[in-house]
Amino acid sequence: MRIMFFVREATRAMRRNAAPTFAALATVLVTTLVVGVFIPAVEVTNDAANTVRSRLIVDVYMKGSATRSDEARVHRELIAIAHVRSVQFESKAQAYSQQSKQNPAAYQLLGTNPLPDTYHVFPDNAGNVLAIHAALSPNGGVIDPAIQSVSNKKGYTKRALDLTSAVKWGGLAFALLLTIASILLIANTIRLSLYARRREVEVMKLVGATDWFIRWPFVIEGVIVGAAGGVLAIAVLGLAKVALLDPLFSGWSLVSEIRTIAFPALIAVMIVASVAVSALGSGLSLRRFLRV
Amino acid sequence: MIEFRGVSKHYSRDIGLDQATFAIDRGDFVFLVGSTGSGKSTVMRLLIKEIEPTEGTIRVAGRDLSQVIRKRIPFYRRNLGVVFQDFKLLPSRTVYENVAYALQVTGGTRREIRAKVPDILRLTGLSTKLHNYPDQLSGGEQQRVSIARAFVNHPPLLLADEPTGNLDPETSIDIMRLLYRINRTGTTVLVATHDQAMVDKMRRRVLELSRGRIVRDEATGLYARDETTREFAQRMRAPSTRPPGLDVDLVPDEEL
């Protein structure tokens with residue numbers, strides 16, 4: 001009974017204040033839509049950056065003369081280095097079959113196998129690749145006589161690291177800014193519509209209404225506006241996905257492995273965020289008008 | 001019913017009320033008069049606990065207002081009916097809904113509302129205006145709605161701050177008559193006004209404020225307590241017959 005009363009109050013207020021309600025709804029719609037487009041975009045770039053980073057490893061090439069005991073010793077030494085997550089051995093035969101598959105003509109021509117036995121050293125974190133590299137080749141030398149050389153992709157690795165971390169942090173900062181801007185925008189729109197009704201709130205207080213008695217209809221109004229804006233934004237987004245993105249990506253192998261946030265999860269995030277922001281915005285913005 | 005003991009209210013720049021001491025009994029009809037800025041509104045705002053006194057104690061119905069915590073203010077206010085010069089109606093609600101709101105606030109059931117609201121609207125002569133919005137009503141009608149809203153809970157105390165300030169003389173008499181009628185049901189009524197002629201005609205107890213001080217507290221025993229509202233209205237409409245000695249009787253203020 002109480003709840004129904006508050007819901008009726010909320011819908012009445014929305015009917016009587018159609019213009020501010022529409023403004024609030026439009027604001028929620030637009031900001032949610034922008035966030036909804038932006039989250040997958042950030043996800044895609046992050047994913048790309050992570051893919052690049054996961055390829056950053058150090059290769060250790062063994063001498064042809066290395067014996068089994070040499071290999072076992074080197075393996076122990078590699079594992080002992082700080083920040084090494086795992087070490088993977090690739091024998092010269094495995095490497096040959098791998099490479100000749102990619103480029104059969106060239107390896108056919110070579111005849112013999114020129115590839116050395118190789119240890120792939122995976123870092124615990126892509127950012128530590130350079131440290132591992134430095135530990136493996138102190139002063140340009142090697143740490144074990146059985147090691148022929150250590151892969152030297154220092155320049156490439158450094159640039160890849162800088163670029164990917166710039167992309168990640170940039171995306172994060174941008175997402176943060178966008179979120180703050182959205183919240184401020186929605187809160188401000190709600191504040192405006194509340195400001196127009198501050199006299200009403202004052203009268204309610206003078207008649208003896210408690211703060212929550214006045215606040216509930218506003219919060220419910222916020223929930224309704226937030227939900228409506230969120231649903232509309234999702235509808236637009238879903239339409240765009242079905243009409244534009246899906247045909248674009250289907251049958252295009254180059255970017256087929258784009259991994260992004262699942263659509264249902266995105267919908268859930270968007271609707272919860274829009275409802276929460278606008279309900280909280282209504283409830284909190286009201287506070288200053290309740291001091292009568 | 002109301003007791004002010006040494007109550008002062010200092011605003012940042014000037015003094016709203018200065019050491020005011022007075023008491024109003026249950027069932028009284030009291031006028032609070034004085035020019036603009038004399039402290040009438042301060043008394044009203046103190047009584048609805050919109051502001052706090054700088055010093056002194058205020059008791060309403062035996063309760064010390066300083067003991068009413070912020071959270072309990074709404075519940076305290078439900079024991080008061082308050083009428084303002086600018087009516088303070090909710091513009092987005094009809095006459096009926098405006099009055100019903102005062103009951104909804106206190107958790108009144110729908111049945112209760114359906115029983116009480118038409119009654120009070122009949123009493124205030126608004127039965128034909130149930131579904132009008134405030135901006136479709138005249139000033140006098142709006143004030144009657146606000147009195148209906150103030151009285152629908154049958155509070156023991158009714159405060160009216162310049163209830164006739166925006167109304168013409170004839171409408172003012174109607175409003176005063178309505179307040180008198182409410183007073184006759186046993187409700188204590190305190191009216192702040194600067195309408196001297198009205199006060200003279202009403203012949204009720206008068207508290208006069210000047211620059212925050214009580215300068216006159218005078219109970220004229222010239223009226224018959226059991227005057228009917230009809231007789232009351234007739235007397236109010238009659239040409240001004242000032243009871244002799246009302247103005248001469250000013251209580252001199254020693255410090256003035």
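**Exercise 1.** Which domains does the domain assignment of chain A give?

*Solution.* The model is a predicted one, in which local features need pLDDT of at least 70, side-chain atom pairs count only at pLDDT 80 or more, and totals for chains, interfaces and linings use all residues. Residues are numbered from 1 along each chain as its sequence is written, while chains are lettered from A and ligands numbered from 1 in the order in which they are written.

Step 1. Domain bounds come from an automatic or database domain assignment. For chain A, domain 1 is 2-52 + 161-290 and domain 2 is 57-152.

Step 2. Between the C-alpha centres of these two domains of chain A there are 51 Å.

**Exercise 2.** Find the buried residues of helix α6 of chain A and state where they lie on the helix.

*Solution.* Step 1. Helices (H or I, at least four residues) and strands (E, at least two) are DSSP runs, numbered from the N terminus. A residue is buried if 20 or more other C-beta atoms lie within 10 Å of its own, exposed if 12 or fewer, and partly exposed in between, with C-beta atoms placed from the backbone.

Step 2. In α6(A), residues 129-136, the buried residues are Val129(A), Ile132(A), His133(A) and Leu136(A).

Step 3. Seen down the axis of α6(A), these residues fall within an arc of 100°, so they line one face of the helix. The arc is that of the directions from the helix axis to the C-beta atoms.

Step 4. An α-helix has 3.6 residues a turn, so residues three or four places apart point the same way.

**Exercise 3.** Work out the strand order of the open sheet in chain B.

*Solution.* Step 1. Two strands pair if DSSP finds at least two bridges between them. The four strands run in the order β2-β1-β4-β5 (chain B), with antiparallel pairing.

Step 2. β2 (15-24) and β5 (63-64) of chain B are the edge strands, each pairing on one side only.

Step 3. Between β1 (residues 2-10) and β4 (residues 55-60) of chain B there are five bridges. Arg5(B) has Thr57(B) as its bridge partner in β4(B).

**Exercise 4.** Describe the side of chain A that touches chain B.

*Solution.* Step 1. Contact requires C-beta atoms, placed from the backbone, within 7 Å. Eleven residues of chain A are in contact with 15 residues of chain B.

Step 2. On this side of chain A, α1 (2-16) and α8 (198-207) each supply at least two residues. α8(A) gives the most, with four residues.

Technical notes
Two residues are in contact if their C-beta atoms, placed from the backbone, lie within 7 Å.
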